[in-house]
Each structure stands twice: as structure tokens, then as C-alpha cells.
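Here's a quick briefing for anyone opening this structure for the first time. Have a look at it, then read on.

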Amino acid sequence: MGFADWCTSLLTGVSQIFVVNDPVTGTFVLAGLAAYSPAAAAATLLGSAVGAVSAAVWGAPAADVTAGLWGFNPALTALAVSIFFVPLGLPALALACGGGGAAA
């Protein structure tokens, strides 16, 4: 999986929250979240990244990772942590990453 596929999988993981396999949709979802809270958008993208890294570590098929199938649950978990555990800090970051890894 190259760098372009990696970036695509992060955005597609966010778009899969709405069962859409499209990185452009993921970009729009993140933009909408950023309008509400930039920290929530960053946490959502971080969660998708944690899911993709977890998939790579566990040897998931590259096609599944690129399709965002390993990113949407971790993205939702990290988003929930960023909303319900305010103020954000190192403990919330650890919880978001740990929860994202567990969700993957």
C-alpha cells in the first residue's frame, strides 16, 4: 500500500461512517465536523488512522483497508471520546487511540 492509498484509506474510512466508499465524501464529512469542532475532526481522522494501522499490523487485505472498512468504527470511537471527554489532553488522546485500536 503506497502513500496515496494510505491517505485515501483514511478519508474513505471516515466516509464509511455513512456507508459511502469515497474519499471526497470523507473530506466533506471532516469539513462539516471541523465547522463544529476542529478537535472533533482531528480526532475522527486520528481514529481512522489508528484503524488503518491496526489493519496493517494484523495483516488485513489491502483492498479492505483502502475501502475504509477498518477505519469507520475507530473513527466513530475517537469522535465520541473527543465529544464526551472534554477537555482534550493526553488521557483523552490515549483513550481515543486505545478505543480506536480496540474497535478495529
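## Quick tour

Let's start with Ser37: with a relative accessible area of 17%, Ser37 is buried, since buried means under 20% relative accessible area, exposed means over 50%, and partly exposed is in between (1.4 Å probe, protein chains only). Keep in mind that this is a predicted model, where local features need pLDDT of at least 70 and side-chain atom pairs count only at pLDDT 80 or more, while totals for chains, interfaces and linings use all residues. Residues are numbered from 1 along each chain as its sequence is written, and side-chain values use heavy atoms, with hydrogens and water left out.

- Ser37 is found in the loop between H2 and H3; helices here are DSSP runs (H or I, at least four residues), numbered from the N terminus.
- Ser15 lies in helix H1, which covers residues 3-15.
- Ser15 counts as buried because its relative accessibility is 0%.
- The side chain of Ser15 reaches two backbone oxygens, that of Thr12 at 2.9 Å and that of Asp22 at 3.1 Å.
- Those are polar contacts, meaning a pair of N or O atoms within 3.5 Å; within protein, one must be able to donate a hydrogen and the other to accept it, and residues adjacent in sequence count only if both atoms are side-chain atoms.
- Leaving aside neighbours within four places in sequence, Ser15 is in contact with Val20, Asn21, Asp22, Thr25 and Gly26, where contact means heavy atoms within 4.5 Å.
- Ser48 sits in helix H3 and counts as buried, with 1% relative accessibility.
- Not counting residues up to four places away in sequence, Ser48 touches Ser9, Leu10, Gly13, Val14, Gly71, Pro74 and Ala75.

**Helix H2**

- H2 has 14 residues and reaches 20 Å from its first C-alpha to its last, close to the 20 Å expected at 1.5 Å a residue; the expected span is 1.5 Å times one less than the number of residues.
- The buried residues in H2 are Gly26, Val29, Leu30 and Leu33.
- Around the axis they cover an arc of only 95°, so they are on the same side of H2; the arc is that of the directions from the helix axis to the C-beta atoms.
- Turned away from that buried side, another face of H2 carries the exposed residues Phe28 and Ala35.
- Among the parts covering the buried residues of H2 are H1, H3 and H5.

**Helix H5**

- H5 runs over residues 72-84, and its 13 residues should span 18 Å at 1.5 Å a residue, which agrees with the 18 Å between its end C-alpha atoms.
- Pro74, Ala75, Ala78, Leu79, Val81 and Ser82 are buried in H5.
- Seen down the axis of H5, the buried residues fall within an arc of 160°, so they line one face of the helix.
- The cover over the buried residues of H5 includes helix H2 (23-36), helix H3 (38-57) and helix H6 (90-103).

**The tryptophan pair**

- How many aromatic pairs does a search of the whole structure find? The search turns up 1.
- The rings of Trp58 and Trp70 have their centres 6.1 Å apart and their planes at 55°, so the pair is tilted.
- For the rule itself, rings of Phe, Tyr and Trp (its six-membered ring) pair if their centres lie within 6.5 Å; planes under 30 degrees apart count as stacked, over 60 as edge-to-face and the rest as tilted.
- Trp58 lies in the loop between H3 and helix H4 (62-66) and Trp70 in the loop between H4 and H5, so the pair ties together parts that are 12 residues apart in sequence.
- Trp58 counts as exposed at 53% relative accessibility, whereas Trp70 is partly exposed at 22%.
- Not counting residues up to four places away in sequence, Trp58 touches Trp70, Gly101 and Ala104.
- Trp58 and Ala104 are 46 residues apart in sequence and 10.0 Å apart in space, C-alpha to C-alpha.

**The cysteines**

- The disulfide count comes to 0, going by pairs of cysteine sulfur atoms within 2.5 Å.
- Cys7 is in no disulfide, and the nearest cysteine sulfur, that of Cys97, is 18 Å away.
- Cys7 counts as partly exposed at 30% relative accessibility, and Cys97 counts as partly exposed at 28%.

How values were computed
Helix = DSSP H or I, 4+ residues; strand = E, 2+ residues; numbered from the N terminus.
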